[in-house]
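Colleague: Could you go through this model with me? I'd like to ask about a few contacts and then about the packing.

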Amino acid sequence: MSREEKSTSNTEELSKKLDQIIHRLDLLERLIMERPEYEGLAAAVQLTRVGIGMYGEPLKIASRLKNAEKYLRQKEIAQDDISRCVIQALAVKGAMNISAITRQVAAMRGKASRRIVRGRVEKLVKQGTLLKTQERIPTYQLIEETGQ
């Protein structure tokens with residue numbers, strides 16, 4: 001198993017463990033709420049949940065960055081500064097709409113045209129790199145690559 005595969009499996013394993021812990025905290029919280037004599041423990045359970053949540057977000061970001069790395073190696077994307085910035089922004093921030101993506105690209109490059117960014121995003125959707133949600137204001141996110 002390569003170092004990259006170990007890193008990915010470790011991230012997935014940690015994420016699963018955090019999900020299990022959160023599920024158990026949910027059960028504990030329900031039990032505490034059902035019994036008035038344990039009312040004082042509710043705050044401790046909520047603080048524990050907040051603490052665990054602080055670990056979950058960096059794991060999600062690491063997973064998105066790892067996924068983005070595979071796309072950034074593609075020649076067509078590597079040679080296009082705007083597409084590269086779009087992918088990096090979505091990896092760090094998660095799903096965003098065109099306006100938010102344009103702001104992130106502008107922050108990285110110093111300038112960005114909404115029309116140009118929209119064109120690149122649409123191209124990345126057609127290539128199978130990004131997924132577009134079917135909401136009133138669509139958001140875009142990186143498609144998770146599996147098995148690589």
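Colleague: Leaving aside its neighbours within four places in sequence, which residues is Thr139 in contact with?

Modeller: Before I answer, note that this is a predicted model, where local features need pLDDT of at least 70 and side-chain atom pairs count only at pLDDT 80 or more, while totals for chains, interfaces and linings use all residues. Residues are numbered from 1 along each chain as its sequence is written, and side-chain values use heavy atoms, with hydrogens and water left out. With neighbours within four places in sequence set aside, Thr139 is in contact with Ala95, Met96, Asn97, Leu131, Lys132 and Thr133, where contact means heavy atoms within 4.5 Å.

Colleague: And where does Thr139 lie, and is it buried or exposed?

Modeller: Thr139 lies in the loop between β1 (130–132) and β2, where strands (E, at least two residues) and helices (H or I, at least four) are DSSP runs numbered from the N terminus. Its relative accessible area is 17%, so Thr139 is buried; buried means under 20%, exposed over 50% and partly exposed in between, with a 1.4 Å probe and protein chains only.

Colleague: OK, switching to helices: at what angle do α2 and α4 pack?

Modeller: Helix α2 (residues 42–72) and helix α4 (residues 81–93) pack at about 160°, and their axes are 7 Å apart. Here the axes are lines fitted to C-alpha atoms, for helices over the stretch in contact, and angles run from 0 to 180 degrees between N-to-C directions. That makes α2 roughly antiparallel to α4, given that angles over 145 degrees count as roughly antiparallel, under 35 as roughly parallel, 65 to 115 as roughly perpendicular and the rest as oblique.

Colleague: Which residues of α2 and α4 meet?

Modeller: From α2, Ile61, Arg64, Leu65, Ala68, Tyr71 and Leu72 meet Arg84, Ile87, Gln88, Leu90, Ala91, Val92 and Lys93 of α4. The residues of this contact of α2 with α4 divide into nine nonpolar, one polar and three charged, where Ala, Val, Leu, Ile, Met, Phe, Trp, Tyr, Cys and Pro count as nonpolar, Asp, Glu, Lys and Arg as charged, and the others, Gly among them, as polar.

Colleague: What about Gln88, what else does it touch?

Modeller: Not counting residues up to four places away in sequence, Gln88 touches Leu72 and Met108. Gln88 is partly exposed, with a relative accessible area of 32%, and its C-alpha is 9.2 Å from that of Gln104, 16 residues apart in sequence.

Colleague: How do α5 and α6 cross?

Modeller: The axes of α5 and α6 come within 9 Å and cross at roughly 110°, and the two helices are therefore roughly perpendicular to each other. Ile98, Ser99, Ile101, Thr102 and Val105 of α5 make the contact with Arg114, Val117, Arg118 and Val121 of α6.

Colleague: How many residues has the largest nonpolar core?

Modeller: The largest nonpolar core has 21 residues, and those with the most contacts inside it are Val86, Ile101, Val121 and Leu142; such a core is a set of buried Ala, Val, Leu, Ile, Met, Phe, Trp, Tyr and Cys residues joined through side-chain atoms within 4.5 Å. Its largest share, seven residues, comes from α4. A second, separate core of seven residues includes Leu25, Ala42, Val45 and Leu59.

Colleague: Last one: is Glu29 buried or exposed?

Modeller: Glu29, which is found in helix α1 (residues 3–34), counts as buried at 18% relative accessibility. Not counting residues up to four places away in sequence, Glu29 touches Val45, Gln46 and Arg49.
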